[in-house]
Amino acid sequence: MDNTNCFHCGDPCDDQIITYKEKSFCCHGCKTVFDIFDSNDLSYYYEIQAAAGSSPIDTNGKYEYLDTPSIADKLLEFNDGNHQIINLYIPSIHCSSCIWILENLHKIASGIIQSQVDFPKKTVRVNFEATKVSLKEVVLLLARIGYEPSISLDSYDRKEKSQDKVLLYQLGIAGFAFGNIMFLSFPEYFEVNEFWLDQYKPFFRWLMFAFSLPVVFYAGRDYLISAYKGLRSRHLNIDVPIALGILALFVRSTLEIWFDWGSGFFDSLSGLIFFLLIGRYFQQKTYAFLSFERDYKSYFPIAVTRLLNHNKEETIQVYKIKKGDRILIRHGEIIPVDGLLQKGLVEIDYSFVTGEAIPVKKVAGEKVFAGGKQLLGAMEMTALKNVSQSYLTQLWSQNIFRKNKTTAFQSLTDSIGRRFTLAVLLIAFGASLFWAFTDPSRVWNVFTAVLIIACPCAIALAAPFTLGNMLRIFGRKKFYLKDVTVIEQLASINTAIFDKTGTLTTRSHDSIVYEGSELSQEEKSWIKTTLRASNHPLSRSLYQLLKGQEILTLDDYKEYVGQGLYSSKGEQKLKLGSASFVDNCGIETTDQTVVHLSTNSTYRGHFIFQSQYRAGISALFERLKKTMEIALLSGDHEGEKHRLEALLPSLIPMYFNQKPKDKLFFVKELQDQGKKVMMVGDGLNDAGALAQSNVGIAISEDINVFSPACDGILDASKFKYLSAYIGASKQAMKIIKMSFVLSLLYNLVGLYFAVTGQLEPVVAAILMPLSSISIVAFTTLATNLLGRKIK
């Protein structure tokens with residue numbers, strides 16, 4: 001029999017060897033997959049990790065039901081007839097090669113636009129053009145290359161919960177076997193030599209061996225598989241010392257009963273795996289708790305306008321939208337829920353969802369989808385379902401909006417874990433070698449105790465639990481961050497840039513005076529209808545001033561970012577905005593905040609705004625100035641400069657008449673100088689600067705200013721506490737470092753007792769998960785105490 005292994009999947013080829021391009025394959029399926037990869041320039045798949053593939057499964061006729069539209073609609077996350085998106089659960093995802101090939105599906109099938117893997121959840125999100133490739137063809141392609149998805153219509157949304165059952169089964173088997181092995185070991189412990197027990201010792205020992213088999217090869221298989229894959233890819237992960245300890249105990253114990261040297265260490269072996277699984281279960285439950293808090297309770301502070309009877313409107317939070325509600329979506333707003341378009345000039349940008357930048361035009365009666373951005377005026381729609389907050393979270397985290405920001409503490413954790421694992425292996429073998437010459441009876445105890453007690457699990461848990469809990473605490477304080485990496489970035493900020501309008505100012509108490517020719521009721525209604533579609537803070541303030549006017553129907557609407565608004569009604573034209581934007585202004589610039597008005601190329605007048613600044617900004621800037629550099633960028637003129645100089649600390653640079661692109665370039669220049677920049681804006685004109693900055697924070701008042709380009713959304717009522725959130729981020733980093741130190745101290749003490757032979761493996765097995773639990777308890781307690789100090 002030939003022991004040649006398959007080049008694709010690594011399984012033995014047995015008697016059937018298929019040779020293709022000087023490589024051996026176990027079946028025609030693996031050969032076909034290799035040919036697909038090779039012909040599409042994807043052979044790098046095998047360089048990442050050798051024999052990483054899975055054998056393809058025959059799926060002939062299995063997925064015919066995916067051609068049924070009603071079934072496909074239940075599975076699809078997004079479907080506008082052309083672009084479709086589906087999130088598929090693929091159990092066979094296991095390594096970096098899997099991620100690489102699944103995120104390169106677009107090279108195999110031309111209709112696939114993008115595919116994104118979520119490795120912890122074992123899912124791949126595929127964005128494809130339905131006119132070029134069907135859902136069934138996508139699924140069949142995945143099956144052909146060895147990544148068949150698991151699809152169940154009844155449990156599709158609940159598949160993640162079912163995965164927890166495997167751990168419970170493993171824990172149950174390990175606990176049952178541990179209890180029985182301990183019971184069978186009692187005669188050995190107490191050296192009972194009565195004839196009726198002594199004659200059954202061999203039977204008891206082999207019974208303990210039988211109980212240990214499911215413990216090692218089922219309950220402990222994850223540690224063995226993880227270690228094997230790590231070693232195969234030349235990576236020392238944290239499961240390597242654990243797997244070596246398990247195998248050392250199992251082999252030594254089996255040899256002892258085989259040659260009748262003794263009863264072995266089956267009690268320690270089963271206890272080790274049992275307590276390891278208890279630690280993993282605790283970790284998983286804590287992660288699930290943090291995830292629940294993040295996905296379902298930390299709602300973004302965004303709202304949407306719900307239309308009521310008698311031409312009335314109200315602002316509600318997005319998660320309160322119900323099926324059948326009539327909703328107003330303004331220019332630049334994100335559609336929060338699937339619905340039917342009722343009326344409006346509609347052009348929707350779905351690039352947030354599909355990556356396709358070409359806007360899609362819609363007419364009344366057509367379906368519009370959550371995640372689209374309205375680009376043309378205001379539109380009215382009827383919600384077809386309740387809003388999915390978790391969908392908005394997913395949208396916010398899309399790769400399209402990710403910035404290449406380094407995560408120093410993540411890499412620090414990985415680096416410490418690898419080095420620590422290497423050090424533990426050296427100590428274990430060194431100590432064993434010493435005892436082999438000094439007292440050979442202690443070798444196995446010392447070797448396994450060192451491997452178990454010094455597991456770097458606690459080090460690996462410090463960062464995710466600290467940052468995860470801080471993410472939850474910030475959410476409760478109405479400071480909503482995209483992910484835990486933002487906390488790391490926030491802690492390193494040394495420069496803060498602030499926008500003025502909508503950020504430092506609040507529209508809640510603006511004083512507005514109109515100067516110019518008298519306006520008719522129809523003109524006021526026309527102005528109100530034009531303002532209705534805009535989310536700019538000045539537009540919203542002016543809209544409130546005219547809220548008693550009627551709503552008209554416009555023929556055309558455009559918003560020019562940083563300049564103003566344009567609308568038309570028949571032959572009539574209207575412009576609102578800066579002096580340079582309106583027609584034939586003929587008025588000199590003043591030192592005040594002004595919105596100018598012209599109709600039919602005739603200047604009519606202007607609205608003068610007396611801005612009101614948010615409470616507590618003077619104290620906020622004083623606190624920030626002690627730890628970082630501060631600057632102010634404003635799209636307005638210098639009319640407010642004197643008020644700002646009196647309000648803010650001295651010597652703060654202020655730049656006025658800044659267009660959106662000017663703000664972006666300003667942030668980039670600071671970054672080129674090595675500065676870590678935080679941009680704080682209103683999420684509208686500042687989108688470019690928010691995306692460019694190391695940390696972009698959008699201030700939200702009571703309008704839908706959801707901006708996927710930002711890293712965090714801060715409720716306007718909490719603006720004055722921004723310095724406290726930055727300080728808390730820095731404290732969180734200190735907690736992580738303290739956790740590293742505690743974990744290292746614990747391991748050093750444990751190693752001393754293990755190396756000197758004073759620590760039994762079963763005791764080490766109990767202490768190891770307790771150390772992990774203690775680190776988690778410490779980080780949780782420390783972050784909760786820190787959270788209490790934040791207002």
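**Terms for the views.** Two strands are said to pair if DSSP finds at least two bridges between them, and helices (H or I, at least four residues) and strands (E, at least two) are DSSP runs that are numbered from the N terminus. This is a predicted model, in which local features need pLDDT of at least 70 and side-chain atom pairs count only at pLDDT 80 or more, while totals for chains, interfaces and linings use all residues. Residues are numbered from 1 along each chain as its sequence is written, and side-chain values use heavy atoms, with hydrogens and water left out.

**View 1. The protein chain as a whole, with its helices and strands.** The secondary structure of the protein chain comes to 26 helices and 28 strands. Of its 791 residues, 52% count as buried, where buried means under 20% relative accessible area, exposed means over 50%, and partly exposed lies in between (1.4 Å probe, protein chains only). The protein chain exposes about 35600 Å², and carbon and sulfur atoms supply 55% of this area; accessible areas come from the Shrake-Rupley method with a 1.4 Å probe, and for residues only the protein chains shown count as cover. Among contacts in the protein chain with a separation of 6 or more, 67% are accounted for by residues 24 or more positions apart, contact meaning heavy atoms within 4.5 Å.

View 2. Most residues other than glycine have a negative phi. At 34% relative accessibility, asparagine 600 counts as partly exposed. Strand S21 (residues 572-577) also pairs with S22 in the antiparallel sense, over four bridges, and the bridge partner of leucine 576 in S22 is leucine 597.

**View 3. The two faces of strand S22.** In a regular strand the side chains alternate between the two faces of the sheet. In S22, Thr593, Val595, Leu597 and Thr599 point one way, Val594, His596 and Ser598 point the other way, and all are buried. S22 is thus mostly covered, with seven of its seven residues buried.

**View 4. An open sheet of four strands.** Four strands form an open sheet in the order S3-S4-S6-S5, and the pairing is antiparallel. The edge strands are strand S3 (76-79) and strand S5 (112-118), each of which pairs on one side only. From one strand to the next, the twist averages 10 degrees. S3 and strand S4 (residues 83-89) pair in the antiparallel sense over three bridges, and the bridge partner of asparagine 79 in S4 is glutamine 84.

View 5. Two packed helices are described by the angle between their axes and the distance between the axes. Here axes are lines fitted to C-alpha atoms, for helices over the stretch in contact, and angles run from 0 to 180 degrees between N-to-C directions; angles under 35 degrees count as roughly parallel, over 145 as roughly antiparallel, 65 to 115 as roughly perpendicular and the rest as oblique. Helix H21 (residues 617-625) and helix H25 (residues 722-755) pack at an angle of about 30 degrees, with their axes 9 Å apart, and they are therefore roughly parallel to each other. Leu620, Arg623 and Leu624 in H21 meet Leu722, Ser723 and Ile726 in H25. The residues of this contact divide into four nonpolar, one polar and one charged, where Ala, Val, Leu, Ile, Met, Phe, Trp, Tyr, Cys and Pro count as nonpolar, Asp, Glu, Lys and Arg as charged, and the others, Gly among them, as polar. The axes of helix H18 (residues 484-491) and H25 come within 8 Å and cross at roughly 100 degrees, so H18 and H25 are roughly perpendicular to each other. Ile487, Glu488, Leu490 and Ala491 in H18 meet Tyr725, Ile726, Ser729, Lys730 and Met733 in H25, a contact that by class has six nonpolar, one polar and two charged residues.

**View 6. The loop of lysine 478.** Lysine 478 lies in the loop between helix H17 (457-476) and strand S16 (479-481). Lysine 478 has a positive phi of about 70 degrees although it is not a glycine, and at 36% relative accessibility it counts as partly exposed.
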